[in-house]
Structure formats: structure tokens, C-alpha cells
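This briefing goes through a protein structure topic by topic. Please keep the sequence and the 3D view at hand while reading.

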There are 2 protein chains.
Amino acid sequence: MIDQLDGARSAGAALVVFPELAIFGYPPKDLVLRRDLVQRNQLALERIATECTDISAVVGYVARDASGAGTGLLNAAAFCADGRVQGTYAKMLLPTYDVFDERRYFTPGRDVATFELPNTEPPIKIGLSICEDLWNDRQFEGRSVYGIDPVERTVARGAEILINLSASPYRAGIQTHREALFAKQVKDRGIPLVLVNQVGGNDDLVFDGASLALDSQGQVLARAKAFDEDLLLVDLHGDNRVEPYPDRIESIRRALVLGIGDYLDKCGFASTVIGLSGGIDSAVTAALAVQAVGPKRVQGVAMPSRYSSPHSVEDAQALARNLDIDFRSIPIESAHRAMEATMAESFAAASAGSSMIAEENIQARIRGGILMALSNKFGSLLLTTGNKSELAVGYCTLYGDMCGGLAVLSDVPKTVVYALARHINGSCDRPLIPQRTIDKPPSAELKEGQADQDTLPPYDTLDAILEQYVEQECSVDAIADQGFDRVVVERVVGMVDRSEYKRNQAAIGIKVTSRAFGSGRRMPVAARFR
Amino acid sequence: MIDQLDGARSAGAALVVFPELAIFGYPPKDLVLRRDLVQRNQLALERIATECTDISAVVGYVARDASGAGTGLLNAAAFCADGRVQGTYAKMLLPTYDVFDERRYFTPGRDVATFELPNTEPPIKIGLSICEDLWNDRQFEGRSVYGIDPVERTVARGAEILINLSASPYRAGIQTHREALFAKQVKDRGIPLVLVNQVGGNDDLVFDGASLALDSQGQVLARAKAFDEDLLLVDLHGDNRVEPYPDRIESIRRALVLGIGDYLDKCGFASTVIGLSGGIDSAVTAALAVQAVGPKRVQGVAMPSRYSSPHSVEDAQALARNLDIDFRSIPIESAHRAMEATMAESFAAASAGSSMIAEENIQARIRGGILMALSNKFGSLLLTTGNKSELAVGYCTLYGDMCGGLAVLSDVPKTVVYALARHINGSCDRPLIPQRTIDKPPSAELKEGQADQDTLPPYDTLDAILEQYVEQECSVDAIADQGFDRVVVERVVGMVDRSEYKRNQAAIGIKVTSRAFGSGRRMPVAARFR
């Protein structure tokens, strides 16, 4: 942060703005409950403030609430100038929906704050706000559900520029929504906005940056890079850099690439290992991993069984060749036979005609064991390859193909996995993902002649129903009313509900939709209710 | 609920009180975000209200907030009399700490509510409150951190009896804390209290019932059964039933037994399967499972390897005999050898002297695979046997011994597992858990001559440090200042921090301490910070 401060000063800036909770990084989760860490964040703020000579800074940090109200902590922004903290603003609107838990940690601020920049002529009065303060788009009959509008009060207090510190997680389509929302907010108030958004991946969340300056008419004056760190110099009365924001499918790709890279680096993994089935999910996962950390840090492993088609290993190998990654094939037949023999006596007691799911899962779990053995032996992160559609309906094996530290595609519906594959291939000189991998009917290959569509509705139907049920929280009635076959809807909803226990133990997945499984969706497991 | 209402009426009660959110069950989590379910909960309330003839009822339910403020939902209590809902009170203090997320779902109520019982002579005015409204024990400099005191306002409004609907999760020692706290609240206000607490297990939480009536001096007039459903008739001016509350170790046992039984029944499992190592964790888990659901619904499986001591299978078998459960031994040697052969070529590339953790974990994962195969084939719930101490420091194998749907002991420190074993044996005619299982030094038996204490500090030291770090959120400095060896503290804290990724995929565990891993402790995984 001090390096960036120095860079801003050298570039002639009067003010540098950091994102929400920049010192901790967002979301800090229960780390903010530790007094020693809050203390260290305060010392860091003071250290940064002493560097604020010939430049001012707005710094997101965790402040202690001297009143002791609520949690005793504030999600705060410090205004630093002349070598010290001049004052603090505390976020007034604390979100508690989706992935946000801010009331767990923070007490809402009670008043707005404006500050005069000491090093501009004439002095400019800035008004501070933090993320949700500006969004404030949850409405009921035209009123904010929060019951207050901090931005309106800040403007009434005489702010000439609105500053917003954000940590706004990426989801597909969000930037269009943001810019329309912010333009409206700015036009209504008639003052310009400078908004700084966090960038980088933290567990399931990817922050996409793309910080903005808007003039008082809501026009975009400046835009920072998306999915990358950037120091954007903004002159509200001059020319500015306006970086493009990628289109929908490219933004999903960038989010996944950033999410993989940051997870790997922050966890300290030198390399990744991926099970390559020859299918599209593992192919896309591997391609994204290579784009994130380069081919030398990615290992692909095929684990053919007696049920694998000849094309499975060929396609996996072709992919590895295209991606220029290390590849090995570890056949599972002998381990499979050993496990069958191990279970034979116990399984003999099962009633005739009992489900063969147990037998199928044995293969998936041997593969999970092989990949984890490689992960343990070589310190590689195992990337999980399952997509959102199969995780939703439980078409996956717990401790089998669900093994891994990061589930790259677990918020990407199968139809979007296909779109990603075509997009990745279309963006390179030569196709990375073998065409046969894209064209062949998807199969788990855990028994003879198996195909996903034996068990599941066609993926375009499935994904449309899942979008209504998982993202929109629609009832069966409401979904059927949209023209879907009611029997299919009930079957899908039943599969989703019965799979909570699997998702409860799923790897962290990278959120790219409005509602991902994980921290943004909290369902009871033991619920008899249907 | 209608059956209980009828029972209360037959017993001559004027009022029947149900717990917090009784219609949904607490905590309903994101189910309350579904409009169709909230609608059904309202229909259920109306149905109950029509049954309120010659008796009144207070019913916990989810109410829509007509003002549309906040989330649009209220954590409410309906007063039902004369066949209809007479009015509603909405919880004013919404907890957001530990396992509670109430601001995610609800908007705080804005006013207190009192109601006159129509069927008492003279009419009695009751004041409603919900759980945290009465606790309100988070203080800063002598003031409630919530800034308001709903109970005080209710009393000022003329309430003659305070009613509290609770869903207060069990933790060891909580009932003593509750009764002291409530006694103080009641004495300060000079009115009696009738408090009804939910009972039963919901995922990680066990609600222990033990509903109470206190007179205006804070004396316990009546206490319902702990850990069991009960219809307790209370006569504030007469004699009442006062059920005992079990002592600390017995209350932990009851909580675990209730948690297992309700998880099994609510998920619809007919049986459980448990890996028996001959060690104390699996022995205590099996004994508790038998106490929860009976010996016919429990299967024990020993899975000896080349590193298993002769006493391991003997002790497992003796335990199974004592518990009268089905037992089988499934040796893992052939699967172990097959996996070693499968990995040999890959492992050959590892540097000489590399860690043998990968080899050890292979055995744990084969065992996990065997148990899951039995679970899948016979529809049994696999119970995980790991204790809190090993889960804290990561002394467990992901997808190995961590496999399972419910981790019975994952909030029970190892020292308390020993206490439970002695308590269980001491409470029966003959010891259930073999004495050798209690006496022998704990070992994972994943390599020759292994013992837990090769890697971990003695369990009494470890558990004391973990209590400070995990439950009290103390810093290394603060723990060392209490007289622990700083080097040991740093090593333990480092192990805890590095194991977040394992706990992130852990089975649901039953909470019995003030801070369990799981929904009450939310840590980032990818955190470079130490």
C-alpha cells in the first residue's frame, strides 16, 4: 500500500483511495474477532498515515468503536493527510445477504463524514462511503430497505466528490449492473464519483477491480483494469484512461483464472494436479489452470478403468499435449479389482437387484485417492473439476471426483462450461481443447455405456430449472408455471434437496453466478421437509 | 403442535407456549428465503390458531414485515386465542455471533407486546420475548451492546408474567449459566418467567430443552426434561414438576446421543456404520451410537493393516461384543498393496527423504473407501470418529478417517473423550469400552510404532492451548503469558491455522463447547497471514 501511495504521489495525485478493508483484505471473516489482529491492523494504518506527506489517502480498515455498541468494531475508512489520520468514516449499510455477514462483525456507522483535501487549490470536500452505502439497491415500494441513504446525507453535508471504497465480488454481468446503478446514483446527486474496488481472489470470491470514476452526469470518465491490480490516475477535468471490461464469457474466464492463481499463491502451492477424464469439465479446468499459473505448474493425470472408452485417454493426452503440461496415465484396474475383492464378502449380503452406485463410486474414490496421494507426495493442489449442474443434483461422488482443494467450475453450469470451451479454443491460434471432447456425449464412465443423459434431463433444461430453483429461489409451482414439465422440475428439485450433504463437504468453489453453493447459500442438511 | 395443544388443554392449562420459530424449527437457515415456505408456515400458524379454543397459545413463526424494512421478515411470536391470531411480537435483539445469523434473515422488531389471557380470572397480562431479548448479556461498560432492553420495556408496559420463546443450543455448562442469568433478570424486574426452549438435534446444534418457570425472586418453580420432549404443566402458585438437569459429563453424553439420533431420523437413515480401530474415539462413538439408536442399527467394521497391533482388532471385537452390535473385519492389505503398486512409478520421482505422509494417508483413504462402500450399498450413515483435538491440529486424513456424514466427537477434546469413556463405563453394570482401549497410548497406526505423542504435545497440554486459541480467540502472546511453553504454543497455533482447508470439508459435528468448528467459526482458507 505504501508503494502504491508513493506511485500515486510521483504521478502527481492529490489523493489515493484504497478499497474496503484494504489492510485486512476482504472478507477477513473471523480473523477480525481476534484482538491482536485488529491491533496490528490499526498499527498498519498509522504506519501508512505517516507516509501521507504531500498526498492524502483514504484507507479501508477495521476500527474499534469507542462507544462499545454492538460488536465494538466498525468497517471503516480513515482519511489520512499531513502524516496522520485526520478522521474516520464508518460504513452505515452493512449487508447480510448472500456471502455477506457484516453484522456478525461490525456495528453500523451513525453519521456521514466529509473531509477537505489540504493539498488542492481551492480545497475540495470529499464525502466517504463504503460499498453497500452506495449500492443501497434493495428496495421495497421505492424505499431503501435500510431506511437510510448515507450518500444523500453526505451530499447534503457538502461533499463535492463522492468516494466509495468497495469490495464487490464478481459475478457474471455485474459490471453492467454496477455502472447503470452508480450512474443513476450520481445523476440523482449531481456530483462525481470515484469508486475503488478490490481485485484478487479470496477463497470462493473473486474481486474484479475495474475501479471507476464517473462524472456528475453518470458518464464513465475512467476505468481501471479488470481482474488485475492497477494504479489509475484520475483527473476529473482532463483525459483519463478507460480500460475495457471484458464481455460475459471472457469475464467468467478471467474470474476463474484469477481465482485459481490467487488461491494457489496465497495457500503457497507450487503446483496443481488435475484428473483428466477426456471429458469437457477436466479439459476446461486444466486449460484455465494453465492460463492461471503456466503449464509448468500443472500436471494432468488420466486414470483409465475397464469402463473407459479408448478415446478417453487419447483425448486427455491430446489435451495435455496441446496445453504442454506434464501428463501421466495411472490405470486403476488392479486397485479396482483389489477393492472389489475386499468388498466382495460384505456386498454378498446385499439384496439382489440392489443399486450398483456403491460399485460405481469405488472407482471414483480410487481415483480421488490416487490424486490425493500425488497431492500429498508432491505438495500439489488438487483441482476439483465438477461443474455446478452436477454438484446441484448430486451427480458426483463424495471423496471421489469431489476430492480437491479448489473446485474451479463448481459455480459454472454445464452449458456455460461448453461455452467456455468454445471461447477458449476460439481465443487461441489453435484449439487447446480437443474437438472430440466438446462433441462427445458426456459420461461418468463408471459402468458400461453410461451417459449423463440416462439419469439427468438435457443440460439446457437442467440448467434453466437450476437457475430458477437455486439462484432465484423459486418454488416448484413457480418453475412449472414458466412452462417446464412439472415431473422434471420435481425430480430436479428433489435431487438438489437430497444432495445438501454432499455440498456440505464440497471444496471451495469460485463464485461466478448470483448464487453459488457455499457461503452464499446455507441450507440445513438434516431436514425432513420436502 | 396441535396434539400438544390438546394435551395442555386437557391438563387444564390456560396458555401453552411453543419455542422460538417452532413451525420451521430452529435454525431454518436459507429455507426462510423461500417465499413458498414462509407462506406455508403462515398457513400452519392459522391452522393452529383455529384450534385455540378454551386455551391460548404463543407460537414461534416467521412473519412477513408489512413495512418491507430490512429483510422483510420477522422472527415472531403469535398470540393465539379465541380461535385466531390476536397479535404478534417480533424479536428485537437479533444475535449475529457464533452460530447465529439472524440479521441475514430477520429485521428487528420495533416494539414490545403484551396480551391479556382471556381465559383467566382475573385476566393476566403476559409479555412476550424471544430468546436473545432476555439473554441480552453482551455488555460494554455495564450497558447492553444492543442499546435497548426489550424486557424492561415489556415490564413497563404492565406485563405480569414474562414469556420467553427460546431456541438456545446446548453447550457444556450452559444450564447453570442460563439459570443464574435468568434469575438475575427476573429479580431485577420482579415478575415471574416462563421460558420454553426447543429440544432436539438440527445438524450441528443440539437443543437441550429444560424449559423453566422462575418465580419473581428467581427461584426455579418448574423445569422440564432435558434432552427430551416434554409437556410441563406450570402453576405459578402451586406445586410443580422440577426435572433434574444432568451434570456436565452426562449432559455432554446426552447431547451427543440426541444429536446422533435426530440426525439419523431426520435424514431418514435406518442404520449407521462405524470404523472401529480398537482406539478410544471409535469406541466412544460406537457406544454413543448404540445409546442413540440401539445395537441393531449400528455396524462396527475393523480394517486392520500391516501396521495394526494385534490388540487393535481384539479390542474392536471386544467392544462390538460388549455393545452387541454387528461386527466384521475387512483387512486392507490387498487393497493397500494394490494402491502402493499403482503409485509406485509416480512416487519413484519423489526426492529421497520426502515425507511419508502420502503413504500413510493411502491407508486411511482405503478405509474411508471401504466404509463409504458399505454406506452406499446398505444405506447406512457413516459416523466419523475423530475428536476435536485432532481436527484442530489436522491430525486426521481428509477423505480418509474424516469420511462420514456426522462427526460425533468433532467438538469433544481428546481429554473429554477419555472422561466420556470412563463415564459410560461407570454408568453401566459392566464396562462397555474395553479397559485396554482406555489405557493404551493413542496411535493412528499408519506406520510402525507410531504414537500420537510423537507428533503432538500431551493431550492435556494440547487441549488447554486449543481451548485458549479456538474457544477464547487468544493470541500466542496471551496464551504463552498463561505459562505455556511459547514454542509449543506457536507449533500448535501453526498446526491449527494450516488445517483450515481440512475443516472446510469436514462432516457436520455436534457442538458441545462454546466454540465448535463449523458454522460458529468462519475462517478464510487462503490466508497467507500468520
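Which helices of chain A do the buried residues of helix 13 of chain A pack against? They pack against helix 7 (248–267), helix 8 (280–293), helix 12 (388–393), helix 14 (435–439), helix 15 (452–455) and helix 16 (459–471) of chain A. The model is predicted.

**Helix 13 of chain A**

- Helix 13 of chain A covers residues 414–426, which makes 13 residues.
- At 1.5 Å a residue this helix should span 18 Å, and its end C-alpha atoms are 18 Å apart, so the two values agree.
- The buried residues of helix 13 of chain A are A:Lys414, A:Val417, A:Tyr418, A:Leu420, A:Ala421, A:His423, A:Ile424 and A:Asn425.

**How the two chains are related**

- Chain B is superposed on chain A by a rotation of 180 degrees, with 0.0 Å of shift along the axis and an RMSD of 0.0 Å.
- This is the relation of a two-fold axis.
- In chain B, the C-alpha nearest the axis belongs to B:Gln505 and is 2.1 Å from it.

**The interface between chain B and chain A**

- The size of an interface is often given as the accessible area lost when the parts come together.
- Here the area buried between chain B and chain A is about 7,300 Å², and carbon and sulfur atoms give 56% of that area.
- In chain B, the residues that lose the most area to chain A are B:Arg104, B:Lys377 and B:Tyr399, which together account for 10% of what that side buries.
- In terms of contacts, 89 residues of chain B meet 89 residues of chain A.
- The copies meet through the same surface, because 100% of the interface residues of chain B are also interface residues in chain A.
- There are six salt bridges between chain B and chain A.
- B:Asp30 forms a salt bridge with A:Arg515, and the closest N and O atoms of this pair are 3.3 Å apart.
- Across the interface of chain B and chain A, 38 residue pairs are in polar contact.
- Several helices of chain B each supply at least two residues of the side that touches chain A: helix 2 (35–50), helix 3 (102–105), helix 7 (248–267), helix 10 (333–347) and helix 11 (357–378).
- Helix 11 of chain B gives the largest share of that side, 14 residues.

**Helix 7 of chain B**

- Helix 7 of chain B has 20 residues and reaches 28 Å from its first C-alpha to its last, close to the 28 Å expected at 1.5 Å a residue.
- This helix is mostly covered, with 14 of its 20 residues buried.
- Just after helix 7 of chain B comes B:Gly268, which takes a positive phi of about 80 degrees.

- A:Ala183 lies in helix 6 (residues 174–189) of chain A.
- A:Ala183 has 13% relative accessibility and therefore counts as buried.
- Not counting residues up to four places away in sequence, A:Ala183 touches A:Leu214 and A:Gly218.
- A:Ala183 and A:Ala527 are 344 residues apart along the chain, and their C-alpha atoms are separated by 44 Å.
- B:Glu179 is found in helix 6 (residues 174–189) of chain B.
- Is B:Glu179 buried or exposed? At 16% relative accessibility, B:Glu179 counts as buried.
- The side chain of B:Glu179 makes a polar contact of 2.7 Å with the side chain of B:Gln175.
- Leaving aside neighbours within four places in sequence, B:Glu179 is in contact with B:Leu212, B:Val220 and B:Arg223.

Key
Residues numbered from 1 in each chain as written. Chains lettered and ligands numbered in written order. Predicted model: local features only at pLDDT ≥ 70, side-chain atom pairs only at ≥ 80, totals over all residues. Heavy atoms only, no water. Helix = DSSP H or I, 4+ residues; strand = E, 2+ residues; numbered from the N terminus. Expected span 1.5 Å × (residues − 1). Buried < 20%, exposed > 50% of the residue type's maximum accessible area, 1.4 Å probe, protein only. Contact = heavy atoms within 4.5 Å. Least-squares fit on C-alpha atoms with pLDDT ≥ 70 in both. Buried area = accessible area lost by both parts, 1.4 Å probe. Salt bridge = Lys/Arg side-chain N within 4 Å of Asp/Glu carboxyl O. Polar contact = N/O pair within 3.5 Å; in protein donor to acceptor, adjacent residues only side chain to side chain.
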